[in-house]
Amino acid sequence: MLKQIEGSQAMAEAIALCRPEVVCAYPITPQTHIVEGLGALVKSGRLKTCEYINVESEFAALSVAIGASAAGARAYTATASQGLLFMAEAVYNASGLGLPIVMTLGNRAIGAPINIWNDHSDAMSMRDSGWIQLFAETNQEAVDLHIQAFRLAERLSLPVMVCVDGFILTHAVERVDIPDQETVDAFLPPYEPVQVLDPKEPVSLGAMVGPEAFTEVRYLEHHKQMRALEIIPELSAEFKGIFGRESGGLVRSYRTEDAETIVVAMGSVVGTIKDVVDERRAQGDRIGVVSICSFRPFPQEQLREALAGASRVVVLEKALAVGMGGILAGQVQMALGGHGPKVYTLIAGLGGRPILKTSLSAFLDKVVADPHLDVHFLDLKHDVVERELERAAHLRRSGPTAENVLKQLGTVMSSPV
Amino acid sequence: MKPFAITLDVGSSLANHTGSWRTVKPVYVDRLPPCNHACPAGENIQAWLYRAEAGDYEAAWRELVKNNPMPAVMGRVCYHPCERACNRKGIDEAVGINSVERFLGDEALRRGWAFDKPATASGKKVLVVGSGPSGLSAAYHLASQGHKVTIFEAGLAAGGMMRFGIPKYRLPREVLDAEIQRILSLGIELRLNAKVTDIRETMTSGGFDAAFLAVGAHRARHAEIPAGDAAHVLDAVSVLRSMEGVEKPMLGRRVVVYGGGNTAIDVARTAKRLGASDAIIVYRRTREKMPAHDFEVEEALQEGVMIKWLSTITEADQSSITVEKMVLDDKGFPQPTGKFETIEADSLVLALGQEVDLSLLDNVPGLELENGTVRVDANMMTGYPGIFAGGDMVPSDRTVTIAVGHGKKAARNIDAWLHGVEFETKKAPLAEFERLNPWYYGDAPKTVRPMLDIIRRQSSFDEVQGGLDEGNALYEARRCLSCGNCFECDNCYGVCPDNAITKLGEGARFAIKYDYCKGCGICATECPCGAIDMVAEEI
Amino acid sequence: MNQIKFYQKGTFTVGNRLVAEEERTTQASPARSNSLTCGHRACQGCGEALGARYAVDAAMRAADGQLIAVNATGCLEVFTTPYPETSWQIPWMHSLFGNAPAVATGVAAAMRVKGRTEVRTIAQGGDGGTTDIGFGCLSGMFERNDDVLYICYDNQAYMNTGVQRSSATPPAARTATTPPVGDKPGNVFGTGKNVPLIAMAHNIPYVATASVADLRDLEAKVTKAMAIHGARYIQIFVPCPLGWGSVAHDTVRLARLGVESGLYPLFEAENGAVTSSTKIRRRVPVEDYLLLQRRFAHLFKKGKPVDDRVARLQAMADENIRRFNLLAPEE
């Protein structure tokens, strides 16, 4: 059913259609509206046979989900940013134990400085935690990915993180097609765990594993994710068959045939990039965009194929490996194996800074002009940075950078130093 | 499909034999409880209390009579050294072993429990001289072993000192008679009025293969006291013996008893019951030095018996005696003071000790005599092969229980001697209090046996001390700590952190799974009764 | 016959043939579940291994075998489940150090949502996992009144990592992070952190303390706890030979002395109020308890206290006795 609806509410409805049995809720912006929505659905009785648990922290949220999942319940929670870090230990634990929990990550920057707006720092921080990480481009895809995520998680007995851009998706009201219960049920059968805590057939779950078997455990986990590279496209295809629309998959290409330049990106920014591509195509630029939906497992082969004809690849990413540069760019480069097109790193949208079509287009012009370009920060305020560096160079007690920058920008009232 | 390594099948640690960590290992032991150790009759007290506390009184009684055939008598007259040795004193008070024994003895008489008849006859004949506690005990054990036993008794009735030395108010005669009869029912021949004057002659003429001599100390020891012709001076043995006859002794209203032993007390209390207004014991030392048992002194005093301490009798006349006051010197011996006192007295009873008539041994070669007794070896055999002796006849303290013990020991050695073998006995190490973990025993003070009211005590020969009822007896039996012997409390089974003990079921105790026992020793420390030893492993 | 109320040989022992079958402890039964069985790798004389079998077996009996246990990281987890062997015979799960109460909440929620109301959930951990790192999750579980019995095996320090101080470590105790050196040797005389009292402050239906030296009391408390739904907390005193510097065979003895000295009060509380305390049977001075442990050795020289710290510990014991009314009334 088509609805004009806030992304979070749409996701809440989609998650409810997946019949989660235990939902753990802890507020953190920008995912809060999702669990609020689910809470309302449970309270009102629309979502039945579901335990909705208000926990005391994100660490508890995922821990409750771990217990519930191990005991055979379909478990769900959501978090963002600091919350993800606070539950980091449990994030690794859930995947290590092979528990098919689905968690929404309302992508948000990580402090300090504290910042509630969108980027991908949080998701990137857990990229090696063993979770499958899927990025949604639109609210419709966010809805669809959750439905696929439960199926995928339970198929492999691995947890899945559905990454949705904070505010941009979570708080945006758009037209979304919310499927009906029968259709979802047809796609997503009841949870059948591969192992379960049950007095009928007791097991000890979560043993201590030493050097003699730890490598094998990790290898098997890796092997599962590699299998997901086959399963994700299958599910996407099956989903299309039932729901009638394209969602998920590993990578998606837009106007990349004959493209000299291909922009690679994840999440909602792909929509902006598509607009830029359309505009530049109209001006004769041979440009396209490849959207990565599955960041983990990372689809190296599919990406290599998608980028095969390009002579330059611009990786736009909303995270920064401080002291290194791009995270996604590095992985794209690895996928290309050091051959083929030149890869450019474009750090953009950190802490919620808008990614403007004009800025992006300007950068693309620049890339053509200067093929030796290094890591580039989109719309970086060079004057502010220079002034701060200059000030810090002369003053030992220079104070916190963030506040000084804000002072420069006039956002905070100046105070005597 | 369970995930590799992180999910495990339950109980799979059984493959890990942690017993290899051990340097010491627990071992179940049975130690000798102090009560058993102290019992002159060699009763396995812990074992029969173990049965009694479960309410199986017949089993308890049968365990008891393995060593002593007269529990009803014992439960009345034994001075219970077991209770003095009892470890429970370290917690509250000794277990009332004697009162439980009496309960079992009385219960057996009430229910008519009989001894098991011997399975086979040995074909050997054994002579027992004397039917006192020692003779009866020996006869019982010998008969149980299948020997043909004949008792020669000089007196008119069986029982020896139990009948002629112990007053009825302490040992009712129907109890004594019943226990004697039960022994005789094993097929023992009792010949009364049959004084043996020449033991070898009696053995030969009767065709006996061995003999056990158990003649009691029925002859009174006398002291030289200047006495007028009219003075009424008697000895305690005669007084007590005549209590068994038709004619009661004539003691008068004011009776003085001279001596400080239990017999002196018995006579004074008897005199009181015969109607004496004054019954006065004269003793030359102090109460602390008195050989009589304290509880008997106490009971006598309760009944109105008076005691003059630190006094010797220097002269006796028709209606009075003269007493000299004494003082104890620094070594504790009484010394005369030269101060005299006159006490009104119709009669003076001397209770100064007793001797055995050893004349039946006159013609036996190879004997060694000592202070009016005959020496025996560790097997209770005299210097003459085949002749054994016990009770008052041999150098020893003289109590009913010791006599019973002699009888048993002699019987076992006679049996061995008749079979041409040595009787061997092995004693386990003692179960000391230090080995116990008294925490596990609840607080439970001793049960006090009921006493007859004072008016009837002063006027009748009814039994002074009552017995326990079943509830009390059960309670008392359960006060037993079971020192050194497993009583299946399940502590070891419970406290093992390694689940390394198997409970084998009631009566079968426990087994240690040495594959898993790490040798921590908690089981031994927490065993209430000290029945587990920690033994070094050979590594 | 009927007046015989106490069994001199069986009143305080694990079992005893004289006691009616139904009055014997769970541990006395040949049919006990042995939830934690042989072959585990706990040290010799481990109080926690003992306490865990006591408690979980009692819970198993109360739940008629329908039990799931969650375990915090720590000795109990490590010595029971090193790959490829587990000593548990019940459905058991280990997730992390600090999240056992939350994981148990999840398990209980799963059972409830699936209608498996007969299956009960317990969580367990050491004092570090409970009073320190898991404290937030514990409080959350309490406050929501989740249907979980949490059992803390309190051996008063981080033993698994090599005896470091926890918030449950008593004053003056030597640990690897509170060495007996300097002018304030051992652990500080702090204000303490009494988690049973904190649990009571949540008004949860049941809170109790127990010790491995009083099995009947322990089992009665576990059984009572299992009869109640909602959040419940039992803290069990489990001596650690390694961490305390005591001999292996003294484990139960030390637990007993800890209780009998008044240093470890045993009590029960319902809905936020203390309802009973286990009376001291044979009171002992704190020295009797302290002198058996090397962690307190620096308090003494030739058996005599070196300063007023023993008296301060005695004062703590006395205060416990007063506060929890630990002495039986004089008869």
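Trainee: Leaving aside neighbours within four places in sequence, with which residues is B:Ala60 in contact?

Mentor: Contact means that heavy atoms lie within 4.5 Å, and by that criterion B:Ala60 touches B:Trp48, B:Arg51, B:Ala52 and B:Leu104. The model is a predicted one, in which local features need pLDDT of at least 70 and side-chain atom pairs count only at pLDDT 80 or more, while totals for chains, interfaces and linings use all residues. Residues are numbered from 1 along each chain as its sequence is written, chains are lettered from A and ligands numbered from 1 in the order in which they are written, and side-chain values use heavy atoms, with hydrogens and water left out.

Trainee: Is B:Ala60 buried or exposed?

Mentor: Buried means under 20% relative accessible area, exposed over 50%, and partly exposed in between, with a 1.4 Å probe and protein chains only. B:Ala60 has 0% relative accessibility and therefore counts as buried. The residue belongs to helix H3 (residues 57-64) of chain B, where helices (H or I, at least four residues) and strands (E, at least two) are DSSP runs numbered from the N terminus.

Trainee: In what order do the 5 strands of the open sheet in chain B stand?

Mentor: Strands of a sheet pair through backbone hydrogen bonds, either parallel or antiparallel, and two strands are taken as paired if DSSP finds at least two bridges between them. Here the order is S5-S4-S3-S6-S19 in chain B, with parallel pairing. Strands S5 (189-191) and S19 (387-389) of chain B are at the edges with a single partner strand each, so one side of each has no neighbour in the sheet. Strand S4 (residues 148-152) of chain B pairs with S5(B) over 3 bridges, and B:Ile151 has B:Leu190 in S5(B) as its bridge partner.

Trainee: Which domains does the assignment give for chain A, and how many salt bridges are counted between them?

Mentor: Domain bounds come from an automatic or database domain assignment, which for chain A gives domain 1 (2-243) and domain 2 (252-377). Their C-alpha centres lie 27 Å apart, and 27 residues of domain 1 of chain A are in contact with 25 residues of domain 2 of chain A. A salt bridge is a side-chain nitrogen of Lys or Arg within 4 Å of a carboxyl oxygen of Asp or Glu, and the count between these two domains is 5.
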